[in-house]
Amino acid sequence: MQRGKAGGGMAQQHDAEWFARLLPSNEQLDELLGDDPTAALLGVARDRAPVEMGVERPPDLERDPELQRLFELASTAARKLQATTTAALSPDEVQALHALVHLVARPALRVRDGDVPAIPASWQRLEGARSVITVRLRGIGRLDTPERASMGTGWFIAPDLLATNNHVVAALCGISAHHNPRWREDLDQAAPVHDRRWKAQPSSRPVWDPGDAPAPSDAGVGRVTGIRMTHPQHDLAFLDVEGVQDSGRLVLPLASAPSGEPIAVNYYLGGYPVVTAHQTAGLHPALVDLLFGGTDQIVHKRVSPGGLIGLVSADAQHDASTLGGSSGSPVIDLTTHRVVGIHYSGVYGQRNHAVALWTVNDDAVFRDFGIRFT
Amino acid sequence: MTDHAIVIGIDDYANADWRLQAAVRDAVAFAKWVTAPDAGRATPGTLTLLLSPAPGRDVDLPFVRATRAAIADTLSDYTLDAKGDGADRLWVFYAGHAVHQAGGGLDAYPVLVPEDVIDLRRYLWDQPLELSKYVPALQLQPPVQQLFFIDACRGIADSDDAVTATTVLHFDIAKSDDVGGRVHARQAAFHATTAGRLANEVGLHGLFSRALLQGLGGLGPTLRDEGGDWVLTFGELARFVAGRVAAAQEDLRTQGRPAPTQVPEPSMFGFAEGATLLRFTPAQVPRARLHLLVEPGDAQELAGASLRVLNSLTGEPEQQQRQGPPLAKGAQWRLLCRQHRVVVDADGFEPWAKLVDLVADTTELATLDPQRVRSGAGAGGLEAAGTRAGDTADADTADADTADAATAEHERGRISARSADPLTLIELFDSTGSRLARGYGSLDHEVRRERPYRLRVTPPGHDPIQRQAYVTSGTEEIDVDGRVMLSPPLVTALTAAHISTIGGRSDASEVFDGWAAASMGAVLAWGAWAARFPDNDHGQRLRSLGVDPIAGATTDRAYVQVLVGDAERRDWLGQIDVAFGPPGAERPRGLRPVLGLPGLAGQWTGAVPDGGAAVVVAGPDLHRTGLPVPAVQGYVAVVIVAAEPGGQIEIHRYLHPVDPTGHGHPGFTDLVRHQELSWRGLEQQQSFLPGEAERLLADEPLDPLSLAIIGYRLVREGRADLLTRAGSPSVIERMLALAPGLPDAHVVAALAQAADTAMLRAAEAGTPLVADGYSALFEAATQRAAATGLPPPTPDRPLIQGSAWTLLDAGHDVATARPPAIAADAISASPWDEQVRAALAATGRISSPGAGGTATGPGAPAPGTTPDVPAPGAAIMATGSAVLVTPDVLATTEQVVGAGQRQAPSGGAPLPPGWAADFGGGRRAALRRVLHHTTASPGVGADTAPRLALVALDAPTGVQGVEFDWTRPRVGARIAVIGHSYRDPRIPVTALEDAFGNVPRGEKFVVPGEIVQVQPGTVRYEAFTTAGMAGGPVVELDSGLVIGIHFGGEFTDGVKYGFAVPMAFLQHELRPLIERLRG
């Protein structure tokens, strides 16, 4: 299902279930929306907008009749779903509920100055752990080509060693996983070639950049010097990186298991989703500005909280808001702040997928590189 | 018995520009809190809820509309009809707009603005709801405890009169007689912000109300264990709320949306700071979970964690809980919501410590560093360093954000700040608003790296300047001297008197060291001080300014000297009325010129009759104001009223000996500035630095007013014993001997010695000059009136109480709401810098062949921006402004030359016929082609900035191109934006009229302002820019150089901000190109 195309019966049914699962509980929703839901949502939007929109404050949101209408519709649709999770939703209601999801249920919160400044009240647990999250974010960076085109996300799994996806490595080697059905085989052939090239030619090396957004300065960035491993079964790869001072302090610890029943635990991802016009098609333009600062293709670091919705073998299905560019993001347990998975794909409005690392913790690759799960 | 409550919240104002979002929400939250079942406070029956919610907004409590009549009736029920009879407490909460009265202290009560006010000026003139009238009246009414929480001044719409058209108390204190009697109410008030400042609304709540409701709920403030219950005091609530508001503002600053400075101000009348405000049973007191994680994994097996509960006042640990080792899964505690200190130690690792403000479930991460080997005496290792596992007592003595013993070496840094002026006060604050250090002239303090700190710098004679400090490594050296602008006429006058002005400062000193940041008020104060010395003594050049030396003055009489100054020579001087005489019988007095300050200052001198007198001043921007003048034999009471650059009006007061040499004074010292510092220290409630008070008191001789000010400050600090015991004679004795006619001397004596007789003498001496003394005397008089059954002191005419430095305009935060724009033709006749006028001439209006259409394409504003281009569809041809870089090439923003077209022309593309630039005076040229579009990508946070365009004209204009400054602009720099201004739909017409004198119709304006934020691709300033100014130059006023090209703005809370692309950002791309164009 794509956003803005909710017309058919099946799609409607699917939308209703999807929203019903994502929206806060009745009690939480009552607390959040209070006696004036529209004003409450505008308040959340107003808090978020400056973070998303940089130096500008949003235009007078309260006087934007379209936003007013959207938020009124969102609150009535949410109440409708509170009554029955199979309620029929109009396309406009679906649209409005997407706004609600992005505002309060599954936000993708922009990181600024290494911090996450505009956490909605619905994610109070995120606020309470803000100081830990900011530490974790330091070890997460964008993986760029030498020309600084963003290809995905990578994070320190050990000193001078980054974890990411195979398909992100493929992209760094010029192989598109989206358009080339043989990309995995091609990567096996290309990896040794690029490994040698990156070692021999510093100018050809991809870049690891932990910045909040692209910046002209190279301060703090690392250079990928080689491909240490591409996993044969899972979409998981390790890259050698140099130039990051004291990278041991940036390592994200791995969890031997989630802190509770995997489905009941909250998680968050740190990564660099790319917001494109295609991905936000159908959303009200003012809302796209509010939520993402527009579809300007500038890649910003974001934190996306969510939960697991299924676990099939090593495939963890989650519902955090991710987009292209999130690939390689660590999935972090919100209680222990240890990594439980690595995100690799998703379909908006349905589910996202991550490798459940704790389920493969006896894999030789971890042992070989001295990586421990605690 | 039960409590009563009056709760008022106003969002929906009849004047649409004043509407608020969160005042009703806050009021409803307070109403629900105060009537919470089983809480033992008010009930729905004893609650009066006055609300003005937005139309269509549902409120689930019964309420009455908050009209003027309803609020007045409600308050009168309590002040006139004793409605609170039988109640324990009265709770009053107000959220909405209000106006602070001029001349009040920091904690002055404001004038409430009810929902039905449309014209603020008329309202203030007619029957304003002055809390300063109701609150004192309530002192004689039940119930015995009354608490006021005022979350007001939320971005009130501007009005020149709003801050001056109010009255404050005046009373004839000597008429109170003592005859026995009844108990008066104890009151405590908590204001969201100090007088003259704005309070902020963020998201769903006011900053103040959010913190207040957290505090009242026990979420955060330190509670005192009292017999099993937990007690919240008013003082602790105030400390907590102030800290939370400061932290919230710091958060806003880091988010790139700085809010006007807001400092909550508590005020007490008979209500002790340590008095119980609320009591929580163990079941009621809120708790939260603190989860502590420890890394690296190697440390977890060895680590133990200590939790120290600190007393927030003393910083001393009160309780300790310990967990581990090991701490493989971290440590968890369920704790009272308050401040805790967590310390983690593990063998082989450096200790780790942090202060945690627990208000909700919180997770903290302790990342331990391997221990380094210590040299020398440290060879004993951990034990020698006092950091044995489980023994971290040393760490408890350090401040939270100060780098203490538990801080790893690599986390430590220093902030070293200094000023050229040794009397500049420098203060360092952490992110919670706690002051870590302060000093005069310089400050050096150890801090933690990569944490935000704030420096507040107060040059003598000027308002504080805030700036951020951040240490990434080693020591951060900070030169805190911002340039202080002197007005050009004042510079000219000082130069003529051979008083040098250097770098925007004036070194008016002739014998004493150091720099002086000069304002008009300070220059007059120096002039008056120098006039007290003989011709052959020091201070001759200052005497040449011409302040009256009062020939024939004798030491057995008292004198008054009134000096009125106008730094910008705005014809203000001629419109000021000065009267003098016994209170109530003042007669007009004509001002004589101060010859050395022609057109800038006037003066009047006279003798003060026994029993004291009053000076009354009135004029434009200065409401009729009375200033008490004491009759102190042998002294000249100097009253200075100065209009400073920017329109701020200050009143200074000094007490100079008629003959300083006869008083054994060591000579023409820097006494004036020391007095000024004392006043400001008192006004800002600063405590003395260690040893500072002793040193000042040891300085001989100090004038009696300075001694009194020091006395008030010591009383406030609880150190009054220094006044009565130190020295022989004591300070009190010296002060009373010097000036028995100074009421403040008696009030200080009464406060220091708890002597009623001294207070009675003070009442006989007249009205104190200092706010603290005024309040103390007022309280004493009220108590005596209450005891005797007489009516309490009543206001009968305006009088400025207290502080010497009293802002009489709206203050810096709403400065741009005052007339900020200057028409170009007015500039040409003013002595502005040559380069500013050159930039003015080089700025023109761009017009397109079609009426202004909607900007589209790459040149269109990024989503959410509000470019300063005329509104689409406007019946004008103009699209914006531009500035010449050479006589035939101009620079502007892409959106200006892109307006009205489907797509902005690319580099090299010809423009269609009809595009033109008009520079005035018949200098007009057609736009030929776009030479270049900038390509540099905006940096972090600047992704909405547009590109710039260089456009060739078809013929030279005869006007030279401007000069650019390619260096990074500086926060705090004074700038001016030049451009053609039009009516702007984002800005209320009333605000436009105030700013420009009328709705602008395309005239060229110079709009002064100040840079508030600098980012790689954007510079942000407070300046009243409008549609049509995009593309115009931003000129740094100190250098006269163009530092950026203006492109957009926003109007928020009555303050207008503008944005520019800084030239520094485009230096590599544009500078070579422009130099090539210039040949």
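Tutor: Helices and strands here are DSSP runs, helices of at least four residues and strands of at least two. With that in hand, chain A has 11 helices and 13 strands. Keep in mind that this is a predicted model.

Student: Thanks! How many helices and strands does chain B have?

Tutor: Chain B comes to 23 helices and 53 strands. Its sequence runs to 1079 residues, and 60% of them are buried. In chain A, 61% of the 374 residues count as buried.

Student: What share of the contacts in chain B with a separation of 6 or more joins residues 24 or more positions apart?

Tutor: That share is 71% in chain B. The corresponding value for chain A is 68%.

Student: How many bridges join β2(B) to β3(B)?

Tutor: Strand β2 (residues 42-52) of chain B is joined to β3(B) by 2 bridges, and the two run parallel. Across this pairing, Leu51(B) stands opposite Arg65(B).

Student: Now β4(B). Which strands does it pair with?

Tutor: Strand β1 (residues 3-10) of chain B runs parallel to β4(B), joined by 6 bridges. Here Gly9(B) stands opposite Ala95(B). Strand β8 (residues 145-151) of chain B also pairs with β4(B) in the parallel sense, over 7 bridges. In that pairing, Leu90(B) has Gln146(B) as its bridge partner.

Student: Why is β4(B) described as largely enclosed?

Tutor: The general idea comes first: in a regular strand, side chains alternate between the two faces of the sheet. In β4(B), Arg89(B), Trp91(B), Phe93(B) and Ala95(B) lie on one side, Leu90(B), Val92(B) and Tyr94(B) on the other, and all are buried. Because 7 of the 7 residues of β4 (residues 89-95) of chain B are buried, the strand is largely enclosed by the rest of the structure.

Student: Is Tyr78(B) buried or exposed?

Tutor: The cut-off for buried is under 20% relative accessible area. Tyr78(B) has 1%, so Tyr78(B) is buried. This residue lies in helix α2 (residues 68-79) of chain B. Beyond its neighbours within four places in sequence, Tyr78(B) is in contact with residues including Ile6(B), Leu90(B) and Leu138(B). A polar contact of 2.8 Å also joins the side chains of Tyr78(B) and His4(B).

Student: Last one: which residues have the most contacts inside the largest nonpolar core?

Tutor: They are Leu597(B), Val615(B) and Val641(B), in a core of 100 residues. A second, separate core has 80 residues, among them Val24(B), Val92(B), Leu129(B) and Ala211(B).

Key:
Residues numbered from 1 in each chain as written. Chains lettered and ligands numbered in written order. Predicted model: local features only at pLDDT ≥ 70, side-chain atom pairs only at ≥ 80, totals over all residues. Heavy atoms only, no water. Core = buried A, V, L, I, M, F, W, Y, C linked by side-chain atoms within 4.5 Å. Buried < 20%, exposed > 50% of the residue type's maximum accessible area, 1.4 Å probe, protein only. Contact = heavy atoms within 4.5 Å. Polar contact = N/O pair within 3.5 Å; in protein donor to acceptor, adjacent residues only side chain to side chain. Pairing = 2+ DSSP bridges.
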